[in-house]
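Reader: I am new to reading protein models. Could you take me through one, feature by feature?

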Amino acid sequence: MQAAVLEDERTVRIETRDGPTPAADAVVVRIEHVGICGSDMHYYEHGHNGDNELDVPTIMGHESAGTIVETGADVTGSSVGDRVALEPGVPCGSCRYCDIDEYNLCEDVRFMASPPDDGALVEYVAWPAQRTYSLPESVSTRAGALCEPLSVAIHANRRGNVGSGDTVLVTGCGPIGLLCMDAAYAAGAEDVIVADIVERKLELATERGAAHAIRTDERSLVDAVDELTDGGVDVVLECSGAEAVIDRTVESVRKGGQVVFVGLPQDPELPTDVFGLIDNELDISGSFRFRNTYAEAIELLASGAVEVESLVDFELPLVDTGRAFERAADPEVVKGMIAVNGT
Ligand SMILES: NC(=O)c1ccc[n+]([C@@H]2O[C@H](COP(=O)([O-])OP(=O)(O)OC[C@H]3O[C@@H](n4cnc5c(N)ncnc54)[C@H](O)[C@@H]3O)[C@@H](O)[C@H]2O)c1
Ligand SMILES: C[C@@H](O)[C@H](N)C(=O)O
């Protein structure tokens with residue numbers, strides 16, 4: 001079978017690999033769609049993603065869905081022909097974090113396309129049946145693949161306790177930011193204000209329901225938020241990873257509000273005004289991947305509460321993965337997709 005391997009920065013090669021055999025608790029999935037994520041692009045452009053290094057050639061892609069073609073001996077509840085989304089992380093199941101069901105924090109997790117663990121840009125993947133989720137008829141594998149970034153968004157909203165009537169600021173309108181906005185509305189937020197530096201992204205966010213859009217390269221984020229709110233938003237979901245914005249988030253939130261960091265900056269140092277945090281009782285949190293989100297993601301897609309297919313700007317076959325990554329590096333592009341088995 002064919003696989004798209006990131007050998008080095010900006011070097012994707014199509015290689016031939018042996019097809020997988022499922023363990024007793026696993027299924028083999030014929031991969032149909034894989035989304036290109038901002039994190040794949042961090043590896044592609046800089047050779048690292050946060051503090052994870054691309055130290056060995058690695059099959060990229062962790063936003064995936066396809067059809068089960070084989071089941072392991074002990075698998076019950078999944079059948080050949082089921083269309084499924086694959087949750088990309090497989091936790092160890094026995095550490096203190098797995099014990100308390102905070103399995104996204106497992107220190108021994110295997111995560112697709114996180115070197116040395118291979119990802120889903122390959123024709124067939126053997127994956128634990130427990131980490132695959134059936135897609136209803138109304139949800140395509142193209143949409144099912146995007147359960148992954150939607151899961152990041154659901155988790156970020158949970159971390160920020162976004163709820164009924166909240167005003168939320170989402171900084172960065174890539175797929176993660178846009179889906180954070182959608183998930184915030186689904187959680188009951190009243191108004192979502194968005195910020196970006198690319199006009200097309202702000203237009204898209206506005207079409208999807210943003211209450212206000214701020215160009216942070218044209219005006220001060222803090223001044224704009226100040227004009228739009230009575231002393232700041234309830235929650236900031238920071239999805240740009242841009243240091244210039246990260247620095248301003250705590251000034252954009254109301255007293256007693258929450259700031260959630262999702263985007264990964266190149267420079268992870270955060271200058272902190274501790275007096276400001278104390279005096280204003282701010283809650284600052286990180287949001288790392290997700291846990292127990294796939295069922296909700298599929299429900300949001302199936303009910304139509306969140307729509308993802310229109311985020312996809314282009315779709316290319318597996319053999320063109322290198323070209324797709326090059327194209328996805330364009331700041332105007334929101335989501336590139338690979339049709340792995342040509343469906
Ligand atoms: N914490 C997690 O679990 C997790 C999971 C997935 C992705 N991420 C990270 O989240 C970030 C967002 O992911 P994505 O796929 O949407 O990436 P993306 O690159 O598509 O989106 C980032 C957006 O931020 C905008 N931006 C850049 N500079 C800005 C500025 N100064 N002001 C406002 N906006 C600015 C860009 O124009 C872009 O629209 C990435 O850093 C990614 O690595 C984190
Ligand atoms: C969660 C996932 O989307 C993220 N890109 C990661 O590798 O951690």
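Reader: Where is the place of asparagine 161?

Author: A word first: this is a predicted model. Asparagine 161 sits in the loop between helix H4 (147–159) and strand E13 (167–171). Its backbone deserves a look too. Asparagine 161 has a positive phi of about 50°, although it is not a glycine.

Reader: Which peptide bond is cis?

Author: Look at omega for that. The bond from proline 115 to proline 116 is cis, with omega near 10°. Proline 116 belongs to the loop between strand E10 (110–111) and strand E11 (124–128).

Reader: Now the whole chain. Into which domains is the chain divided?

Author: There is domain 1 (2–146 + 308–339), and there is domain 2 (153–286). Note that domain 1 is written as two stretches of the chain. The C-alpha centres of the two domains lie 28 Å apart.

Reader: How many residues of domain 1 are in contact with domain 2?

Author: Take each side in turn. On the domain 1 side, 9 residues make contact, and they meet 9 residues of domain 2. The domain 1 side has 3 nonpolar, 4 polar and 2 charged residues.

Reader: How many residues surround ligand 1, and which are the closest?

Author: The shell holds 31 residues. The closest are Gly38, Gly172, Gly174, Ile176 and Gly241. Next, ask which elements supply the shell. Those that give two or more residues are helix H1 (38–46), helix H5 (175–186), strand E14 (191–196) and helix H8 (243–252). By class, the shell around ligand 1 has 16 nonpolar, 12 polar and 3 charged residues.

Reader: Why does ligand 1 lie between the domains?

Author: Check who contributes to its shell. Domain 1 and domain 2 both give residues to the shell, so ligand 1 lies between them.

Reader: Which residues surround ligand 2?

Author: Here is the list: Cys37, Ser39, Asn49, His62, Ser114, Glu148, Val152 and Arg289. Sort them by class. The shell around ligand 2 has 2 nonpolar, 4 polar and 2 charged residues.

Reader: On to helix packing. At what angle do the axes of H4 and H5 cross?

Author: Read the angle and the distance together. The H4 and H5 axes cross at roughly 55° and come within 8 Å. That makes H4 oblique to H5. The crossing is right-handed.

Reader: Which residues make the contact of H4 with H5?

Author: Take one helix at a time. H4 brings Pro149, Leu150, Val152, Ala153, Ile154, Ala156 and Asn157. H5 brings Pro175, Ile176, Leu179, Cys180, Asp182, Ala183 and Ala184. The contact of H4 with H5 divides into 12 nonpolar, 1 polar and 1 charged residue.

Reader: H4 has another partner, H10. Are H4 and H10 roughly parallel or roughly perpendicular?

Author: Use the angle again. H4 and helix H10 (residues 294–303) pack at about 110°, with their axes 9 Å apart. Angles of 65 to 115 degrees count as roughly perpendicular. H4 and H10 are therefore roughly perpendicular to each other. Cys147, Leu150, Ser151 and Ile154 of H4 meet Tyr294, Glu296, Ala297, Ile298 and Leu300 of H10. By class, that contact has 7 nonpolar, 1 polar and 1 charged residue.

Reader: One last pair. At what angle do H7 and H8 pack?

Author: Helix H7 (residues 221–228) and H8 pack at about 25°, with their axes 9 Å apart. That makes H7 roughly parallel to H8. H7 passes H8 in a right-handed crossing.

Reader: Which residues of H7 and H8 meet?

Author: Leu221, Val222 and Val225 of H7 meet Val245, Arg248, Glu251 and Ser252 of H8. The contact of H7 with H8 has 4 nonpolar, 1 polar and 2 charged residues.

Methods
Residues numbered from 1 in each chain as written. Chains lettered and ligands numbered in written order. Predicted model: local features only at pLDDT ≥ 70, side-chain atom pairs only at ≥ 80, totals over all residues. Near = placed C-beta within 6 Å. Helix = DSSP H or I, 4+ residues; strand = E, 2+ residues; numbered from the N terminus. Nonpolar A, V, L, I, M, F, W, Y, C, P; charged D, E, K, R; others polar. Domains from an automatic or database assignment. Axes fitted to C-alpha atoms, helices over the stretch in contact; angles between N-to-C directions. Parallel < 35°, antiparallel > 145°, perpendicular 65-115°, else oblique. Left-handed = near helix turned anticlockwise from the far one by under 90°. Contact = placed C-beta atoms within 7 Å.
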